[in-house]
Amino acid sequence: MDETEFWELVDGTREAAEGDPEDQADLLVDRLLQLDPDMVLDFARHFEARYNRAYRWDLWGAAWVLLDGASDDAFDFFRCWLIGQGREVFEGALHDPDGLAEALGDFDQEIDGDGEELGYAADEAYEQLTGTVAPDLGIAPAPSEPEGNPVDFENEQALAERFPRLWDRFKE
């Protein structure tokens, strides 16, 4: 599976689920079950590489503003959700996290921002296909600390200055 095929699966399931991350995860498992196990592992590698790439302070700060706070786990689930938004939104957020203010349409804190189930879709499909747990993907592990300059989540003024568009849209 190449990168284009990866993003086609992500985009197709998001559109079919009408943006609901839990429905998207279910559809993703269904579509992955139509592939052979090696393709499912390829999908998992693409997903994990992007998940690790998004382990950045600036994205955590954006998630903090969007979600009105984001613990370690909430940020993990946010990164899965961000991948689930597709290539354009994902790459745009990596380039300019504050740009999520314009890139996201309606944003419901009760539904959006939590893609936990998306993070398990490939593992679930692989296990259903093979009856075994997915092996190690053979990719570099995530860094131990987020990349970039740390964000002081408790300093609202600093957050407003660093993410002015997100702050204007989601905090005021």
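In the predicted model, F107 is in contact with L66, L67, W81, D112, G113, R169 and F170, leaving aside its neighbours within four places in sequence. F107 lies in the loop between α7 and α8. With a relative accessible area of 15%, F107 is buried, because residues under 20% are placed in that class. The C-alpha atoms of F107 and L137 are separated by 33 Å, and the two residues are 30 places apart along the chain.

Two of the contacts of F107, L66 and L67, are among the buried residues of helix α4. The buried residues are W57, D58, L59, W60, G61, A62, A63, W64, V65, L66 and L67. They pack against α5, α6 (87–95), α7 (100–103), α9 (156–162) and α10 (164–170).

The largest nonpolar core holds 54 residues. Within this core, L32, F43, L66, F78, L82, L100 and L166 touch the most other members. Not counting residues up to four places away in sequence, L32 touches L9, V40, F43, A121, A122, A125 and L129.

Packed helix pairs were examined next. Two packed helices are described by the angle between their axes and the distance between the axes. Helix α3 (residues 37–53) and helix α8 (residues 116–130) pack at an angle of about 165°, with their axes 10 Å apart. Angles over 145 degrees count as roughly antiparallel, and α3 and α8 are therefore roughly antiparallel to each other. The crossing of α3 past α8 is left-handed. On the α3 side, the contact is made by P37, V40, L41, F43, A44 and F47. On the α8 side, L118, G119, A122, A125, Y126, L129 and T130 take part. By class, the residues of this contact are 11 nonpolar and 2 polar, with no charged residue. Of the residues in this contact, V40, F43, A122, A125 and L129 are also touched by L32.

Helix α8 also packs against α5, at an angle of about 75° and with the axes 6 Å apart. Since angles from 65 to 115 degrees count as roughly perpendicular, α5 is roughly perpendicular to α8. In this pair, F77, C80, W81 and G84 of α5 meet E116, L118 and G119 of α8. The contact of α5 with α8 has 4 nonpolar, 2 polar and 1 charged residues. L118 and G119 of α8 take part in the contact with α5 and also in the contact with α3. W81 of α5 is also one of the residues in contact with F107.

A further pair is formed by α1 and α3, which pack at an angle of about 85° with their axes 10 Å apart. That angle makes α1 roughly perpendicular to α3. Residues E3, F6, W7, L9 and V10 in α1 meet F43, H46, F47 and R50 in α3. The residues of this contact divide into 6 nonpolar, 1 polar and 2 charged.

F47 of helix α3 takes part both in the contact with α8 and in the contact with α1. F47 is buried, with a relative accessible area of 6%. Leaving aside its neighbours within four places in sequence, F47 is in contact with F6, C80, I83, L118 and G119. F47 and D152 are 105 residues apart in sequence, and their C-alpha atoms are 28 Å apart in space.

Backbone angles were also considered. Most residues other than glycine have a negative phi. E18 is not a glycine, yet it has a positive phi of about 55°. This residue lies in the loop between α1 (3–16) and α2 (21–32). E18 counts as exposed, because its relative accessibility is 75%. D68 likewise has a positive phi, near 60°, and is a residue other than glycine. D68 follows α4 and lies in the loop between α4 and α5 (72–84).

Key. Residues numbered from 1 in each chain as written. Predicted model: local features only at pLDDT ≥ 70, side-chain atom pairs only at ≥ 80, totals over all residues. Heavy atoms only, no water. Axes fitted to C-alpha atoms, helices over the stretch in contact; angles between N-to-C directions. Helix = DSSP H or I, 4+ residues; strand = E, 2+ residues; numbered from the N terminus. Parallel < 35°, antiparallel > 145°, perpendicular 65-115°, else oblique. Left-handed = near helix turned anticlockwise from the far one by under 90°. Contact = heavy atoms within 4.5 Å. Nonpolar A, V, L, I, M, F, W, Y, C, P; charged D, E, K, R; others polar. Core = buried A, V, L, I, M, F, W, Y, C linked by side-chain atoms within 4.5 Å. Buried < 20%, exposed > 50% of the residue type's maximum accessible area, 1.4 Å probe, protein only.
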